[in-house]
Amino acid sequence: MEEFECRIVEKGTDEEGAFVVLDKSVFYPDGKGGQLGDRGKVDGEKVLSVKEKGASVRVYLSHLPKTDIVKCLLDVKRRHTISALHTAQHILSAVLEDKFSVVTVSFHMSEENCTIDVEPVSVSNEMLEQAENFANEVVFANLPVKKYFVTVEEAENLPLRKRAKVTGSIRIVEIPGVDTSMCGGTHVDYTGEIGLIKILKTEKIKKKFLRIYFAAEQRALDAFREKSYILDSISNQLSSGEKEIPDKVEKMLVEIKKLKKENKKLKITFLKNLVLSLSESEGAFIEKEVDLEKSDFMSLLAMLSSENSEKIFLIYSLKNLLLGVAKGKESDLSLKEKLRDFVDGFGGRGVLRDNFAFVEFKDVKLFKEALKYINDNLGE
Ligand SMILES: [Zn+2]
């Protein structure tokens, strides 16, 4: 934290809360030039947000200070990370444009991500890797990041990456031999402070732009740490070295596909045999508890209702609270009529057709009552 003594020149409350305006520009505003704003404390109160309103910068706090002279603390670690990310963006954009004619159209920084949108959308992974290498060469060379003001006339002779119509004095940020930009944001003093620039992933935006996610400074370390942790945990779970993970996962996926196919076959055989044994059971009303998941339970119901039989089948799973009734094709009974109250009356979600009924319960008490109800209405 860096300390400043400031005078409050304005204070009040607007739709965003209580704010103060300071006589010094201690805190950089949120979102200005695509970058994150500063945080810290004013008179011991945490800075909640910093917004540029017209010519002044409002610093939002939960309570307004009582005195007009206040001690302000700037979170310099956060400021440095933001400055490093911003400077990294200058380098990455400059390298992409110089070496590959890929133009940056916008820049965005949030608490989680840092992105640039570039054009054209067709940037190969090899290109990105090369751009990343070039950008990091600039970082490792520890070049100075110069900031100075020029007049509009002087700016015309500078090799600016982007030109915007402005009046008055223009702030220039120059990394010699790499980039010269008009920029009012915060930057580091030497490129070495960026530590590392790492492209994390890309995403196509409306088939027009490529969004490049990147990290630098502490965020690059955090991203590396997070990925290492994930890789480590997968490696432990699979009991395999990190380099063997892709091969191992591929083999596992092939094996899973094979097992699923085999399992499906076995299930069909099992259900067919179950239908056969139920159809051949003694009596007109057959009751059977089964240990099946919902999808298999439904298949069994469908199979029973298409049997050439006069029997009524009541099947249920106490474990999964599933209850179903099916009648064979040769039965004249209408389940719809006979069990009119069944679905609605028992608070479950279900279906009622002429040839089958099904309800899934959440509550074991209701399930048991329904089971008794079916037995009373349809049983012998
Ligand atoms: Zn900048």
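In which sense do strand 18 and strand 19 pair, and over how many bridges? Strand 18 and strand 19 (residues 356–360) are antiparallel partners, joined over four bridges; two strands count as paired if DSSP finds at least two bridges between them. Strands (E, at least two residues) and helices (H or I, at least four) are DSSP runs numbered from the N terminus. Val351 has Phe358 of strand 19 opposite.

The model is predicted, so local features need pLDDT of at least 70 and side-chain atom pairs count only at pLDDT 80 or more, while totals for chains, interfaces and linings use all residues. Residues are numbered from 1 along each chain as its sequence is written, and side-chain values use heavy atoms, with hydrogens and water left out.

The open sheet is formed by five strands in the order 15-16-17-19-18, with mixed pairing. Strand 15 (285–289) and strand 18 (349–352) are the edges; each has a single partner strand, so one side of each lacks a neighbour in the sheet. From one strand to the next the twist averages 10°, taken between axes fitted to C-alpha atoms, with angles from 0 to 180 degrees between N-to-C directions, and for helices over the stretch in contact. Helix 6 (residues 294–305) packs on the sheet and touches strand 16 (312–317), strand 17 (322–327) and strand 19, contact meaning heavy atoms within 4.5 Å. The direction of helix 6 makes about 15° with that of strand 17.

Lysines also lie over aromatic rings. A charge sits over a ring if NZ of Lys or CZ of Arg is within 6 Å of the ring centre and within 35 degrees of the ring normal. Lys99 lies over the face of Phe134, 4.3 Å from the ring centre, and Lys201 over that of Tyr213, at 4.5 Å.
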